Amino acid sequence: MRTDARRHHDPQVRGFASDNYAGAHPEVLAALALANGGHQVAYGEDDYTGHLQRVMHSHFGPTAEAFPVFNGTGANVVALQALTDRWGAVICAESAHINVDEGGAPERVGGLKLLTVQTPDGKLTPELIDRQAYGWDDEHRAMPQVVSITQNTELGTVYTPAEVRAICEHAHERGMKVHLDGARIANAAASLDVPMRAFTTVAGVDVLSLGGTKNGALFGEAVVVLEPDSVRAMKHLRKLSMQLASKMRFVSVQLEALLARDLWLRNARHANAMAQRLAEGVRAVDGVEILYPVQANAVFARLPHEVSERLQKRFRFYFWDETAGDVRWMCAFDTREEDVDAFVQALKEEMAGQCDR
């Protein structure tokens, strides 16, 4: 197939800035080609989106209903809108993606209030939730209606099924619903070695934002309604929020490629394994501190600021807290052992150079 497009990057270059930097998995690209050609009904009435529902049932149970969307922020905003009234609020960790990295979209676009809680490891607990779970009859305060947790968290930590169940029971007893931001849900399931339903449907989660992009998709996530009675008018909210794809088959077929068998799990296990390899290498470097348990595909570390700046010229990654010298290193489905080893060697060289200055 001829194209006038040209490659503008070196496909051998790898970084540790984000799993979003990775391309699409070859099996996902093959699925997109398979779904191309001919005509299919638009706006989700196509055969691929129909089949995706059956795939979702196999993972999350017979009542699960998936609403494919373009991206993770869109999934979260649509899901939270569906769970709240105009006067509603959402309790979340201060470090939550919906609070830190979505440009205020849940509040400005979703029209809701975020009630944040400081956590030591990115994870909420029933006790932490209660710091914001009050004032339902106070007209001067936004009403807590939803608890939103992230699996795995923004700090790379993972909730056990029992921890999610405790949160869901606590929230439901107080008349609140539970949303799970699953941008990296595959990495959490791989880390726990349990099915995704174990810490979603079975644990009592009402609505899930299911991630695909970080797991090898080209683009595309889904809002998965696990408890049908918890939401209303989802299809209208998706359209209103500008998340309704006209050629939805190209979102749905990617999620099918990941989830129909075990590609999602293979990708996640590999990314997690590379993070463990990275952590093991980093622990051997004097002067570098790993900040949180490495439970998925992220490594958070603290090292001299000037070392990070020099290292960034060799490998892309981000500061997490630049003042403290904290950085985040992410691994992806296509991270190679040699990429990790080269990064660790570069880190050792820059740290040694720091000692010589």
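I count two strands as paired if DSSP finds at least two bridges between them. Strands (E, at least two residues) and helices (H or I, at least four) are DSSP runs, numbered from the N terminus.

**Ground rules.** I am working on a predicted model, where local features need pLDDT of at least 70 and side-chain atom pairs count only at pLDDT 80 or more, while totals for chains, interfaces and linings use all residues. Residues are numbered from 1 along each chain as its sequence is written, and side-chain values use heavy atoms, with hydrogens and water left out.

**Entry 1, the open sheet.** I traced seven strands in the order β1-β7-β6-β5-β4-β2-β3, with mixed pairing. The edges are β1 (65–69) and β3 (113–117), each pairing on one side only. Neighbouring strands are turned by 25° against each other on average, direction ignored. For such angles I use axes, which are lines fitted to C-alpha atoms, for helices over the stretch in contact; angles run from 0 to 180 degrees between N-to-C directions. Inside the sheet I checked β6 (residues 207–210) and β7 (residues 221–225): they run antiparallel and are joined by four bridges. L208 faces V224 of β7. I then looked at helix α7 (residues 161–173), which lies across β4 (143–150) and β5 (177–182) and runs at about 145° to β5.

**Entry 2, strand β11.** I found five of the five residues of β11 (residues 326–330) buried, so the strand is largely enclosed by the rest of the structure. Buried means under 20% relative accessible area, exposed over 50%, and partly exposed in between (1.4 Å probe, protein chains only). In a regular strand the side chains alternate between the two faces of the sheet. Here D326, R328 and M330 point one way, and V327 and W329 the other. I followed the neighbours next. β9 (residues 298–302) pairs with β11 in the antiparallel sense over five bridges, and A301 stands opposite V327. β10 is also antiparallel to β11, with three bridges; F319 has V327 as its bridge partner. Four residues separate β10 and β11 in their hairpin, where G325 takes a positive phi near 85°.

I paired rings of Phe, Tyr and Trp (its six-membered ring) if their centres lie within 6.5 Å; planes under 30 degrees apart are stacked, over 60 edge-to-face, and the rest tilted. I get nine aromatic pairs by this rule. F16 and F343 have ring centres 4.7 Å apart and planes at 45°, so I log the pair as tilted. F16 sits in the segment before α1 (26–35) and F343 in helix α13 (residues 337–356), 327 residues apart. F16 is buried at 0% relative accessible area, and F343 is buried at 0%. F315 and F343 have centres 5.2 Å apart and planes at 85°, so that pair is edge-to-face. F315 lies in the loop between α12 (305–312) and β10 (318–321), so its pair with F343 in α13 ties together parts 28 residues apart in sequence. F315 is buried too, at 14%. I note one cluster of F16, F315, F317, W329 and F343.

The axes of α2 (residues 47–60) and α10 (residues 249–259) come within 9 Å and cross at roughly 30°. Contact means heavy atoms within 4.5 Å. I list the contact residues, including Y48, L52 and M56 of α2 and V253, L255 and L259 of α10.
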